[in-house]
Amino acid sequence: MSFLMELFAFAQARKKIWLLPLLVLLAVFGGLLILAKGSAVAPFIYTIF
């Protein structure tokens, strides 16, 4: 959790707040890929893309 707080503080100090939605989107797609790797939900996730 401290990593996320440091990342937010860094983005705020460097005026890079616009990067945070991009990082959240990358994390969501990464989670979908991990979920789709070996589960019964995989065929449904593949049809989204």
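Select helix 1: of its 12 residues, the number buried is 1, so this helix lies largely in the open. Buried means under 20% relative accessible area, exposed over 50%, and partly exposed in between (1.4 Å probe, protein chains only). Helices (H or I, at least four residues) and strands (E, at least two) are DSSP runs, numbered from the N terminus.

This is a predicted model, where local features need pLDDT of at least 70, side-chain atom pairs count only at pLDDT 80 or more, and totals for chains, interfaces and linings use all residues. Residues are numbered from 1 along each chain as its sequence is written, and side-chain values use heavy atoms, with hydrogens and water left out.

**Stop 1: the whole protein**

Show everything. You have 3 helices and 0 strands. The pattern along the sequence is α-α-α. Of the 49 residues, 10% are buried. Now colour by pLDDT, the predictor's confidence in each residue, from 0 to 100. The protein's mean is 80, and 86% of its residues reach 70 or more. Confidence is highest in helix 1, at 85, and lowest in helix 3 (residues 42-48), at a mean of 70.

**Stop 2: along helix 1**

Select residues 2-13. Helix 1 reaches 16 Å from its first C-alpha to its last. That is close to the 16 Å expected at 1.5 Å a residue. The expected span is 1.5 Å times one less than the number of residues.

**Stop 3: Phe3**

Which element holds Phe3? Phe3 sits in helix 1. Is Phe3 buried or exposed? Phe3 is exposed, because its relative accessible area is 59%.

**Stop 4: Lys15**

Move on to the loop between helix 1 and helix 2 (19-37), where Lys15 is found. Its phi is positive, near 60°. Most residues other than glycine have a negative phi. Lys15 is exposed, with a relative accessible area of 67%.
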